[in-house]
Amino acid sequence: MIELLLIPLALIMEIIDSSLGMMYGTILSPLLIGLGLDPLLVIPSILISQALGGLIGTFSHHKFKNADFNGLTKHTKVTLAIVLPGLIAAFAGVFLAVRIPRDFLRLYVGILVILMGVLCLTKFQFRFKWWKIYLIGVISSFNKAFSGGGFGPITSAGKILGGLDPRASIATTTYAEFPICLTSFLLYVSLSRIPNVYFPLYLSIGAILGGLAGPYLCSKFKIGLLRKIVGLLAILSGMWILFRFVI
């Protein structure tokens with residue numbers, strides 16, 4: 001019965017994710033696991049569907065001029081700065097995910113995401129430094145591979161705090177999700193068989209459709225409002241993670 005809800009759920013969450021830079025895995029992962037589904041089915045299914053949604057969303061962000069990915073632009077370099085160190089962290093996240101409980105990481109991710117959301121609602125801002133972008137990539141990718149969520153709130157909010165334009169921050173997060181999620185999914189498949197191939201298929205259909213629509217909405221938000229929305233969503237997603245931790 002749950003399969004009937006997967007396409008619309010993924011569609012809605014990917015529209016939010018690709019327009020505001022977060023919420024797909026952060027909400028879907030604990031929601032589906034909370035319904036009693038096997039985490040080793042849910043997490044890789046979310047990873048492959050978000051990879052495909054991120055791929056489509058990247059082209060849409062470029063089309064609607066939220067970022068410039070035509071060659072080795074600054075926005076492409078920011079994406080690479082997230083992805084390259086993030087791939088190493090993803091290996092560690094998947095390795096640990098199949099071996100240890102996730103409760104401690106949920107607590108840590110929830111607190112971190114709330115803190116970054118609060119800072120986004122203020123005028124606080126770091127000076128842009130590449131090493132800070134690398135660090136964001138490591139932390140967020142490890143979280144994503146380990147728990148299925150926490151990537152978007154940290155990368156989107158972190159890059160905004162680092163001085164990047166909010167639209168470009170969201171677009172580069174969408175771009176980075178493709179290789180990070182795809183690599184994490186392939187690692188899961190190599191370590192553990194997915195018991196239901198239809199589950200990731202339904203999620204992928206919804207995510208692909210959402211990746212077409214979300215970037216258009218992103219292009220219509222005013223920059224100041226977009227930063228506040230990202231901050232508020234980060235706080236809400238962090239509270240959701242902590243809520244899932246205590247129940």
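Buried means under 20% relative accessible area. By that cut-off Cys218 is buried, because its relative accessible area is 0%. The views below show a predicted model.

**View 1. The overall fold is built from helices.** The protein has ten helices and zero strands. Read from the N terminus, the order of elements is α-α-α-α-α-α-α-α-α-α. Of the 247 residues in the protein, 51% are buried. The accessible surface comes to about 10700 Å². Carbon and sulfur atoms hold 73% of that surface. Among contacts with a separation of 6 or more, 84% join residues 24 or more positions apart.

View 2. Cys181 counts as buried because its relative accessibility is 1%, under the 20% cut-off. Cys218 is buried as well, at 0%. A search of the whole structure finds zero disulfides.

**View 3. Helix H3 runs from residue 39 to residue 63.** H3 has 25 residues. From first C-alpha to last, the helix reaches 35 Å. That is close to the 36 Å expected at 1.5 Å a residue. Asp38 caps the N-terminal end of H3. One of its side-chain oxygens lies 3.0 Å from the backbone nitrogen of Leu40. Past the other end, just after H3, Lys65 takes a positive phi of about 65°.

View 4. Ser49 belongs to helix H3. Is Ser49 buried or exposed? Ser49 is buried, because its relative accessible area is 0%. Its side chain makes a polar contact with the side chain of Tyr24, at 2.7 Å. Leaving out residues up to four places away in sequence, Ser49 touches Tyr24, Pro200, Leu203, Ser204 and Ala207. An α-helix has 3.6 residues a turn, so residues three or four places apart point the same way.

**View 5. Leu203 sits in the largest nonpolar core.** This core has 52 residues. Which residues have the most contacts inside it? They are Tyr24, Phe199 and Leu203. Beyond its neighbours within four places in sequence, Leu203 is in contact with Leu6, Ala10, Tyr24 and Leu28, among others. Ser45, Ile46 and Ser49 are also among the contacts of Leu203.

View 6. Lys74 lies in helix H4, which covers residues 74-97. Not counting residues up to four places away in sequence, Lys74 touches Phe128, Trp130 and Leu164. Ala168 is 94 residues away from Lys74 in sequence. In space, the two C-alpha atoms are 9.9 Å apart.

**View 7. Helix H7 is mostly covered.** H7 spans residues 151-161. How many of its eleven residues are buried? The count is eleven of eleven. Phe151, Gly152, Pro153 and Ile154 are among the buried residues. The buried set also includes Thr155, Ser156, Ala157 and Gly158. Lys159, Ile160 and Leu161 belong to the buried set too. Gly163 follows H7, and its phi is positive, near 100°.

Definitions and conventions:
Residues are numbered from 1 along each chain as its sequence is written. This is a predicted model: local features need pLDDT of at least 70, side-chain atom pairs count only at pLDDT 80 or more; totals for chains, interfaces and linings use all residues. Side-chain values use heavy atoms; hydrogens and water are left out. Helices (H or I, at least four residues) and strands (E, at least two) are DSSP runs, numbered from the N terminus. The expected span of a helix is 1.5 Å times one less than its number of residues. A polar contact is a pair of N or O atoms within 3.5 Å; within protein, one must be able to donate a hydrogen and the other to accept it, and residues adjacent in sequence count only if both atoms are side-chain atoms. Buried means under 20% relative accessible area, exposed over 50%, partly exposed in between (1.4 Å probe, protein chains only). Contact means heavy atoms within 4.5 Å. Accessible areas come from the Shrake-Rupley method with a 1.4 Å probe; for residues, only the protein chains shown count as cover. A nonpolar core is a set of buried Ala, Val, Leu, Ile, Met, Phe, Trp, Tyr and Cys residues joined through side-chain atoms within 4.5 Å. A disulfide is a pair of cysteine sulfur atoms within 2.5 Å.
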